[in-house]
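Let's walk through this model together, with the cut-offs given along the way. Have a look at it first.

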Amino acid sequence: MNKDQVAEVLGKIAVLLELKGENPFKTRAYVNAARLLETLNEPLEKVIAENRLPTLKGIGEALQQKITELMATGKLAYYEELKASTPPGLVAMLDIPGLGPKKVKMLHDELSISSVEQLERACQEGTVADLKGFGEKTQANILAGIARRRTYASRHLLYDVLPLAEGLLDQLRQHPEVVRCGSAGSLRRSREIVGDIDLLASSRHPREVIDDFTALPGLLSVIARGDTKASVLLEGGVQCDLRVVSDAEFASALMYFTGSKEHNIVMRQRAIERGLRLNEYGLFRSKEETRDPSLRVPCATEEEIFQALGLHYVPPEMREDLGEFEVAAAGPVPRLIEWTDLKGSLHNHSTWSDGRQTPADIARSMSELGLAYWGVTDHSKASFQANGLTVARLHEQIREVREINDALARDGHEFRLLTGTEVDVLKDGSLDFPDEILAELDVVIASVHQAFKATEAEMMERILGVVRNPYVHILGHLTGRLLLEREAYLVDQRAIIDACAENGTWIELNASPSRLDMDWRLWPYAKSKGVKCVINCDAHRFEHAGYLRLGAGMARKAGLTRDDVVNTWPLEKLKQALTQKRRRAGKL
Ligand code: DGT
Ligand code: CA
Ligand code: CA
Ligand code: ZN
């Protein structure tokens with residue numbers, strides 16, 4: 001720990017003591033000690049080593065012991081106990097503007113309120129206003145503060161914020177004073193969930209850029225504004241931070257604000273090992289923290305910074321400190337998949353089940369998009385709520401799709417639909433269609449859509465049986481999670497990957513914005529086992545073709561290349577690959 005971190009803990013102790021209604025002198029002692037450490041102008045280690053803690057004003061024996069313990073171990077038993085004995089709801093209430101420890105204690109003592117939710121209810125009922133020292137105005141402020149807190153705390157699906165960021169970047173690009181701009185943060189790293197949008201621009205006149213940015217139409221509010229940065233609240237409660245730097249600082253600022261924090265820490269360390277300093281202002285020839293332009297190692301791009309630190313370029317999606325440094329130190333990072341490599345999606349729906357367009361319409365629009373093929377894989381009958389197909393209807397559908405393909409061939413088109421199904425995995429582990437009809441289909445995806453509450457053992461037995469079925473090409477949305485909505489069901493993903501490797505079964509990367517399942521964190525393992533990926537839109541309407549891009553972003557996070565993903569292959573190669581499992585099982 002450094003002195004600022006020690007000071008922070010002492011400050012928190014003061015707050016907890018006040019919440020508990022401890023003797024005010026005791027509380028003051030912690031506040032004063034924290035302030036003293038913050039303003040100390042020599043390293044705390046040195047003071048301790050030279051035994052000079054007792055000479056500091058107002059730091060008695062008890063405090064000396066606590067500071068020493070914190071510095072030595074990074075922890076403090078006293079603080080941990082204090083925290084554990086305080087209801088977490090009381091601490092959370094302190095985040096609401098206008099509520100200090102005294103008021104929170106009073107709410108707790110007088111109205112038995114010990115969580116933000118209880119506080120909100122009490123305010124709505126009007127009981128808070130009656131408390132001494134509160135009143136109608138304070139009560140209204142607390143309610144507003146709770147609402148704001150909720151908005152800020154919210155996390156967002158990447159897919160929902162991407163267009164917001166694009167819209168703002170368009171505005172920045174058109175600004176006459178902007179030299180370069182781009183997104184940073186979790187959005188640039190293509191995280192499936194993002195906290196806020198981070199944008200970066202370079203300019204000679206930051207103030208003008210900030211002024212115009214904060215005056216853009218459609219902002220809910222301007223949260224903060226300075227000469228070189230601003231935070232605004234967008235429609236839907238999404239926060240956006242813009243920072244404006246000089247163009248000489250752009251590359252290092254972009255790198256810094258792209259993160260991740262964990263990745264940045266390693267980069268900084270690599271700089272220090274080379275006698276350099278890396279921070280948001282640049283790369284410097286210096287052994288100390290600096291932003292002195294005369295020490296700057298000129299780097300116009302991120303590539304140059306990586307190079308100066310002995311690394312090949314790491315694409316932003318991979319900057320999570322999850323193995324990218326070993327790769328980029330050993331040689332160039334392999335060319336990652338790009339969404340334009342994708343030739344079609346193999347898992348999609350039509351009006352035959354719960355999709356919006358007919359197979360004929362789908363064929364027309366997907367070929368216009370320049371794709372080469374598109375799977376029509378509607379639900380099976382067990383998914384009755386989605387109008388799942390019976391065997392008889394599936395036969396009819398196969399006929400219809402073949403007729404469409406015949407017509408495409410006659411007209412000289414190369415685009416083809418693929419016949420298929422997203423067949424339900426039933427509770428007992430059997431499939432909703434018999435093997436005979438699965439054998440007729442180009443592509444078979446098996447998905448769990450029911451009995452989510454099964455134990456891990458039950459779920460594993462169900463899924464492993466399906467993985468072994470020679471007619472099942474692809475395992476659909478492996479965990480059934482819905483981001484920000486529903487937890488994954490209990491499955492041992494690695495064991496399933498192992499089984500898929502053994503049986504030649506592919507795994508889907510379902511690119512629907514709230515699924516993105518199987519998760520990018522598992523794909524490096526799957527790749528190491530030789531399991532192929534299929535990036536699927538699970539499209540229910542035309543616009544969902546755009547999910548291919550989102551899915552490719554997740555595959556990039558996992559370091560997947562074009563050849564790891566079967567739907568980058570041309571139709572003939574894909575069709576050949578789709579027969580392999582059946583051939584291996586002697587079914588062809
Ligand atoms: P988010 O917004 O929660 O989805 O995640 P990020 O990664 O966008 O985080 P954010 O917006 O707080 O900060 C943007 C980037 O700035 C972050 O990825 C790395 C950098 N950064 C922020 N705080 C720190 C820090 O304390 N240390 C270091 N090394 N980097 C930081
Ligand atoms: Ca962010
Ligand atoms: Ca941010
Ligand atoms: Zn589906």
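Here is a short report on a metal site, some aromatic contacts and a pocket.

## Ground rules

This is a predicted model: local features need pLDDT of at least 70, side-chain atom pairs count only at pLDDT 80 or more, and totals for chains, interfaces and linings use all residues. Residues are numbered from 1 along each chain as its sequence is written, chains are lettered from A and ligands numbered from 1 in the order written, and side-chain values use heavy atoms, leaving out hydrogens and water.

## The zinc site

Four protein residues donate to the zinc ion (ligand 4): His347 (NE2), His349 (NE2), Glu422 (OE) and Asp538 (OD), at 2.0 to 2.4 Å. Donors here are N, O and S atoms within 2.8 Å of the metal (3.2 Å for Na, K and Ca); water is not among the atoms, so sites may look incomplete. The angles subtended by the four donor atoms run from 84 to 174 degrees, which makes the arrangement irregular.

Along the sequence, the donor residues follow the spacing H-x1-H-x72-E-x115-D. His347, in the loop between helix H16 (324-330) and helix H17 (359-368), and Asp538, in the loop between strand S15 (533-536) and helix H23 (547-557), are 191 residues apart. Helices (H or I, at least four residues) and strands (E, at least two) are DSSP runs numbered from the N terminus. Both His347 and Asp538 are buried, meaning under 20% relative accessible area, with exposed over 50% and partly exposed in between (1.4 Å probe, protein chains only).

## Aromatic contacts

The structure holds five aromatic pairs, defined by ring centres of Phe, Tyr or Trp (its six-membered ring) within 6.5 Å; planes under 30 degrees apart are stacked, over 60 edge-to-face and the rest tilted. One of them, Tyr30 with Tyr78, is stacked, at 6.4 Å centre to centre and 15 degrees between the planes. Tyr30 sits in helix H2 (residues 24-39) and Tyr78 in helix H5 (residues 77-84), so the pair ties together parts 48 residues apart in sequence. Tyr30 is buried at 5% relative accessible area, while Tyr78 is partly exposed at 24%.

## The largest pocket

H10 (158-174), H11 (185-188) and H23 are helices that each supply at least two lining residues to the largest pocket, and H10 gives the most, with seven.

Notes
Four donors count as tetrahedral if all angles lie between 85 and 135 degrees; four count as square planar and six as octahedral if opposite donors are over 155 degrees apart and all others between 65 and 115; anything else is irregular.
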